[in-house]
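Good morning, and thank you for coming. Please look at the sequence and the model on the screen while I speak.

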Amino acid sequence: MRVSVVLTLSGLVSLSTALLPNTHPTKESGIRETQLRSWLSRRVCGYFAWCEDSERLETLYEHGKPQLQLCNTDKSNSIRSEESANVRKPDNRIPDYVLEYAPLVHLHSSEKFWPCDIAEHLQHVTPFLNYTPMASASTNFNLTNLNKLNKFANGRFVYLTSDDNVEARPDWLGGEKNIPEVPKELHKGLAGHGSYQHPLGTRDGTNIRGGRSDAPAVLVVINKGNGIVDAFWFFFYSYNLGNLVFNIRFGNHVGDWEHTLIRFIHGKPEYVFVSEHFFGEAYTYNAVEKLGKRPVVYSAIGTHAMYATPGTHPYILPLGLLHDSTDRGPLWDPALNALTYTYNHTSSILLPSTLTPTAPTEWFFFNGHWGDKFYPIDDDRQYEFVGEYHYVNGPLGPRFKHLGREKLCQGRKSDPCIVHEWLPPERVRVGEGVGEGEDWKGDERDPRID
């Protein structure tokens, strides 16, 4: 009898799933979910006098997804231990060591397109469905409601399109006001924590301190179990200036997300990954340059691709040989100004960390593009050569950057991932063509897929 009723409860849970769409949690959907769960609990308790089981029913949910478990009549096996319950509880605390080993970023001394604030970026764009302004464009979209755009084709064909002609180079596109500056007084960084006091590093006997940018970086920390913690540092720019081939520029796009990953094992930094266009490089922590104990990475002029060394970095695309260039320009300390989060990549739960408890989360779940769709060939700004374009699609956001990766490198699981134990001599990288720019992979509907 008890087993059959439990199966009935499973049916109720399935029914509730149909009533609660599988969307990302919002304040409104959270209230509706709570009301429905309370209704189910009251029915179970009232009709069957199984109030304890009704409480267990409420634990079967995780943001609208039923976690069905077969009940055992032996209650000693059905009660989760306190330790197990604690493991499942979301945690929004970021370990001190993540900030202690935060990367420092050398921007290029001749850069024209500096780091930008994603909140300000949204003030200068309008949502388009492909090339058509959306009827909801009058809505003031910001970091707290950007995910609402997903109701249009799940966001796949939504492009945050510049209100200005980008060829005119409006000021907001360049972000010059966000060039990092070393504060005159010691800056305590995130939450005023003593560990993040803008520490000095030494290079060639000279003391060096990174600067603060008014454009916040984004820190996403993922505890992957077995002592592994991945700290993704994301850097946003409102414009990507493509490289030259035969003095012709390819690959410009509005919006640009780059990242550096620091992987910790049992609290110690072990590996560093830097994103470079659609590929990247992985290193042991001991291999990379450091100021003090903080890894130093380099952002290429225009494209903002990340590298572990200054200099020239050639790579080959189908259209020819291109070069990225890095140098020891302004030193950016992203730990001095960042939106910080913890993320469960399996349940897709993002929480603002205790360091920045008011940081908005809704923008993270926007499935669309952070810039214009590649311009049609009849647009005066556009040209094409062997399948490559002057202007390509704006990028997808951090959630699409393979956050759940097991290996260090981004890309397909089947792709090789070489971890360098030293800084190798410069080599030529070979990549696929950019084409029309970044897009969803095939019919992929779940950006958590790696």
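The structure holds 21 aromatic pairs. Before I describe them, please note that this is a predicted model, in which local features need pLDDT of at least 70 and side-chain atom pairs count only at pLDDT 80 or more, while totals for chains, interfaces and linings use all residues. Residues are numbered from 1 along each chain as its sequence is written, and side-chain values use heavy atoms, with hydrogens and water left out.

A pair of aromatic rings is described by the distance of the centres and the angle of the planes. Rings of Phe, Tyr and Trp (its six-membered ring) pair if their centres lie within 6.5 Å; planes under 30 degrees apart count as stacked, over 60 as edge-to-face and the rest as tilted.

One of the pairs is formed by Tyr97 and Phe264, which are tilted, with 4.8 Å centre to centre and 50° between the planes. This pair links distant parts of the chain, since Tyr97 lies in helix 6 (residues 96-100) and Phe264 in strand 13, 167 residues apart. Helices (H or I, at least four residues) and strands (E, at least two) are DSSP runs, numbered from the N terminus.

Is Phe264 buried or exposed? Buried means under 20% relative accessible area, exposed over 50%, and partly exposed in between, with a 1.4 Å probe and protein chains only. Phe264 has a relative accessible area of 0%, so this residue is buried.

Ring pairs also link a cluster of residues, including Phe232, Phe234, Trp257, Trp363 and Trp370.

I turn now to the nonpolar cores. Such a core is a set of buried Ala, Val, Leu, Ile, Met, Phe, Trp, Tyr and Cys residues joined through side-chain atoms within 4.5 Å. The largest one has 43 residues, and those with the most contacts inside it are Leu146, Trp363 and Trp370. Strand 10 gives the most to this core, with 4 residues. Apart from it lies another core, of 32 residues, among them Val98 and Tyr101.

Finally, how many disulfides does the structure hold? There is 1 disulfide, a disulfide being a pair of cysteine sulfur atoms within 2.5 Å. Cys409 and Cys417 form it, with their sulfur atoms 2.1 Å apart. The torsion about the S-S bond of Cys409 and Cys417 is about 75°, so the disulfide is right-handed. Cys409 is buried, with a relative accessible area of 9%, whereas Cys417, at 25%, counts as partly exposed.
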